[in-house]
Amino acid sequence: MSLRDDGNGLIRLEGACPVEEAEALAALLLARPGAGVEWSRCTGLHTAVVQVLLRLRPPLHGTCGDPFAARWLAPLLAPSDPS
Amino acid sequence: MSDAAPALPADDLVAEFVTEARELIEAAAEDLLALDGAPGEAEAVNRVFRAFHTLKGAAALFGWPAMLAVLHAAEDGLSAARAGTLATGSGLVDLALAALDATARWTEAIAAAGAIPAGAEAESARLVERFRALLASEPRIAPGGEAGPAPDWAADLLTEVGDRASGELTAVHYRPRPDCFFAGDDPLGLVRRLPGLLALRLAPAAPWPPVEELDVFACNLAVTLLTADPRAEVEAVFRLVRDQVTIATLAAPKETAPSAEAAPRTGAEAAPRAVRVEAGRIDALVALAEDLAAARSLLGDVVARAASGTDLTGLVPALRASDERIGRLAAELHREAVGLRLQPLARIFRRFPRALRDIARQLGKEVTLTLEGEEIEVDRDGADGLFEPLLHLLRNAVDHGIEEPAARARAGKPAAGRIVLRAEGRGERVVVSVSDDGRGLDPAFIRRRAAERGLMPPAALAALDEAGLIDLIFAPGFSTAAEVGAVSGRGVGMDAVRAALRHLGGGCTVESRAGHGTTVHLVLPRAQSLARLLLVEVGPELYGLPMEAVAEVARVPRERIRDVGPGAATVLRDCTVPVFRLADLLAVPADDAPAADGPRSDAPSSDPSAAEARLAVLRSGGDPVAVEVDRFAGRLDALVRPLPGLAALPGLAGTTLTGDGRVILVLDPDTLIDGRAGEGTT
């Protein structure tokens with residue numbers, strides 16, 4: 001299972017998050033404005049999932065377990081991005 | 001035969017690969033030979049390129065590095081020819097034919113022995129080297145290969161990189177098509193393949209729509225990046241989305257060069273691919289959306305009255321009416337929306353004629369296949385899920401159904417066996433059947449076999465009528481690896497077909513007349529439907545049980561659950577019903593597991609409610625079976641998504657989301673109980 005609501009206001013991304021997860025992630029984030037996303041156990045994100053994070057900008061917790069995302073995507077997804 | 005079941009996908013995937021590869025190789029060879037005569041034919045080059053590309057994609061699933069390397073090299077060569085940077089002379093044609101020939105030989109080795117022959121690596125390396133030499137020797141006109149100053153869109157990034165880079169850089173502006181996710185593209189997956197990445201920007205390609213209109217499957221991203229990877233390698237990475245990228249070669253930062261150059265950009269003009277939808281369906285969706293908005297505004301009135309302090313119980317009728325109306329509209333909306341997922345079965349059916357011909361040839365039989373009802377529409381997932389069961393049935397029909405030509409002649413039948421694959425719509429269900437005019441099933445043989453294998457107690461077996469007997473071919477353990485021919489699969493019987501159909505929410509039946517043939521009917525729902533679930537809890541976890549399988553729910557004092565022989569049972573309405581703990585069936589911890597060796601009736605617990613067991617009584621096959629859960633947690637109407645084939649486990653039907661976003665596992669009562677039924681009943 002790559003998407004999990006831990007009940008404490010954090011949505012956890014785990015393992016590889018394929019394109020299908022985008023819909024569930026968006027639904028969870030829209031249902032809980034302000035919920036954070038914990039992605040340290042995530043090992044890969046499909047572009048559709050990244051797009052949801054970019055659009056809804058939830059606070060991200062932890063360092064992404066996928067080095068590419070941690071290096072290149074994390075800075076772009078920071079909530080304070082002025083763009 | 002559950003231990004053999006996992007072999008099905010792998011074997012069938014290989015068989016599917018072989019079938020597809022043979023077709024592609026044949027088509028590509030024809031095109032290459034045509035190209036040899038008329039080198040300039042662009043469409044033929046495209047077709048050959050696509051054939052190699054598809055072959056490569058298919059081979060990549062299995063990990064045959066030698067084959068993959070050759071296909072990759074050939075693809076690169078053809079890609080250059082397609083781009084007009086490499087002449088499609090006889091040099092390329094000869095080499096591509098040699099690559100095709102090697103691929104064909106390896107494919108046959110895979111078909112026969114399941115593996116690529118020894119020595120393939122060396123041959124592969126030689127071919128790859130020849131492609132490399134060809135690409136290096138031919139005069140290449142590299143458009144835009146010269147370094148130039150940064151185009152506007154890359155200027156920012158260049159500043160960002162500053163002096164971290166030296167030498168030539170490659171800049172890429174990539175605007176994926178909005179529907180690219182549906183085509184299986186993962187745009188950032190391509191970016192990830194650039195080891196020399198220096199800077200990356202991600203921006204909405206068009207202004208974001210409001211959050212309420214968020215369409216997560218429409219790609220609205222523009223990717224801009226700067227990399228130290230050479231242009232040729234960047235082009236290779238973005239080869240398949242070439243129409244969506246602009247690539248420019250830049251001089252290192254702080255240097256200027258005299259000429260600006262950017263590759264022509266064609267992405268903007270490329271028409272997005274679309275789903276064809278009947279205008280009527282859109283109108284219906286719009287009308288429903290309007291009704292839903294009206295229903296919501298009525299609910300808004302009720303909320304306002306509640307907020308103003310009106311007596312809350314007085315609002316119940318209005319709330320109930322609102323709930324009912326929104327529920328009805330949601331169901332209608334759902335029905336309309338799933339209609340958009342329907343696809344004609346032709347997509348699946350068309351793959352069979354070639355496969356069947358190969359099987360027949362292998363077995364030395366003559367068979368004609370007739371397709372009927374290809375236009376019948378069914379849910380996309382349902383159609384995909386039918387492929388393997390149908391392939392299995394067709395193989396069975398050729399292998400076991402159709403007789404040898406000589407035997408057919410003696411029976412007065414035409415030499416060529418006749419197999420009909422037919423689809424029919426019946427209301428909300430679709431029936432797909434495979435009929436052959438072969439020898440039919442022999443009830444006496446089935447009775448003997450069932451007795452030998454101990455599939456049923458002798459008395460029950462003796463009482464079966466003919467229809468009941470032939471239905472036994474679907475019983476687990478009826479067929480075994482020892483006598484199933486190589487073509488019909490390795491130890492996977494009809495029980496796998498029945499399991500696959502059950503997984504799709506359907507079932508299968510068989511009818512047969514000795515000497516005249518056999519017909520297997522597969523029935524499945526036409527479209528995805530909302531399932532009504534009973535939610536139950538075990539420990540902290542929530543599970544869904546399909547309501548249609550739940551006969552009743554009951555609370556039973558623990559002392560009325562008795563250990564009988566191998567399991568526990570209780571008496572409900574004068575019937576002895578075996579009792580299983582759901583926690584045991586799923587091998588998960590429950591709230592308060594009773595002492596492992598103590599009888600249930602005196603399990604001590606501090607929880608007063610533990611004096612009663614909560615039971616969901618399921619209809620599994622014929623006899624009721626009770627499943628004990630920790631708590632009942634209400635009902636849910638939800639769309640159940642099947643688990644991907646390889647993740648399918650006995651006992652699980654799929655997953656669904658609750659209103660508050662929890663993912664819950666939906667149980668499949670039949671397979672949940674199947675393995676245990678014998679333990680509970682004495």
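Predicted model: local features only at pLDDT ≥ 70, side-chain atom pairs only at ≥ 80, totals over all residues.

Student: Let's start with one residue: is B:E108 buried, partly exposed or exposed?
Tutor: The relative accessible area of B:E108 is 37%. Buried means under 20%, exposed means over 50%, and partly exposed lies in between (1.4 Å probe, protein chains only). At 37%, B:E108 is therefore partly exposed.

Student: Which residue forms a salt bridge with B:E108?
Tutor: A salt bridge here is a side-chain nitrogen of Lys or Arg within 4 Å of a carboxyl oxygen of Asp or Glu. For B:E108, the closest N and O atoms of such a pair are 2.8 Å apart, and the partner is B:R22.

Student: How many residues apart are B:E108 and B:R22?
Tutor: Helices (H or I, at least four residues) and strands (E, at least two) are DSSP runs, numbered from the N terminus. B:E108 sits in helix α4 (residues 90–113) of chain B, and B:R22 in helix α1 (residues 7–37) of chain B. The pair links distant parts of the chain, at a separation of 86 residues.

Student: In which helix do B:E129 and B:R132 lie?
Tutor: Their salt bridge has its closest N and O atoms 3.3 Å apart. B:E129 is partly exposed at 42% relative accessibility, while B:R132 is exposed at 52%. The two residues are three apart, about one turn of the helix, and both lie in chain B's helix α5 (residues 120–137).

Student: Which strands does the salt bridge of B:R422 and B:E372 link?
Tutor: Those side chains meet at 2.8 Å, N to O. The residues are 50 apart, and the chain B strands they link are β8 (residues 417–426) for B:R422 and β6 (residues 367–372) for B:E372.

Student: How many salt bridges does the rule find across the interface of chain A and chain B?
Tutor: Over all chains, the search finds 28 salt bridges. B:R192 and A:D66 meet in a salt bridge at 2.6 Å, N to O. Across the interface of chain A and chain B, the rule finds one.

Student: Which element gives the largest share of the side of chain A that touches chain B?
Tutor: Elements of chain A that each supply at least two residues of this side include β1 (3–5), α1 (21–31), β3 (36–45), α2 (47–56) and α3 (67–77). The largest share is eight residues, and it comes from α2(A).

Student: What area is buried between chain A and chain B?
Tutor: Contact means heavy atoms within 4.5 Å, and 29 residues of chain A are in contact with 32 residues of chain B. Buried area is the accessible area (1.4 Å probe) that two parts lose on being put together, summed over both. Carbon and sulfur atoms give 70% of it, and the total is about 2,500 Å².

Student: Which residues touch the most other members of the largest nonpolar core?
Tutor: A nonpolar core is a set of buried Ala, Val, Leu, Ile, Met, Phe, Trp, Tyr and Cys residues joined through side-chain atoms within 4.5 Å. The largest has 53 residues, and those touching the most other members are A:L25, A:L45, A:L73, B:L200 and B:F238.

Student: Leaving aside its neighbours within four places in sequence, what is B:F238 in contact with?
Tutor: Its contacts beyond those neighbours are in chain B. They are B:V172, B:Y174, B:L190, B:V191, B:L194, B:L225 and B:V245.

Student: In which loop does B:D574 lie?
Tutor: Phi of B:D574 is near 65°, a positive value in a residue other than glycine. B:D574 counts as exposed, at 78% relative accessibility. Its loop in chain B is the one between β16 (567–572) and β17 (575–581).

Student: And what share of chain B is made up of buried residues?
Tutor: Chain B comes to 21 helices and 23 strands. Of its 682 residues, the buried ones make up 43%.

Note on methods
Residues numbered from 1 in each chain as written. Chains lettered and ligands numbered in written order. Heavy atoms only, no water.
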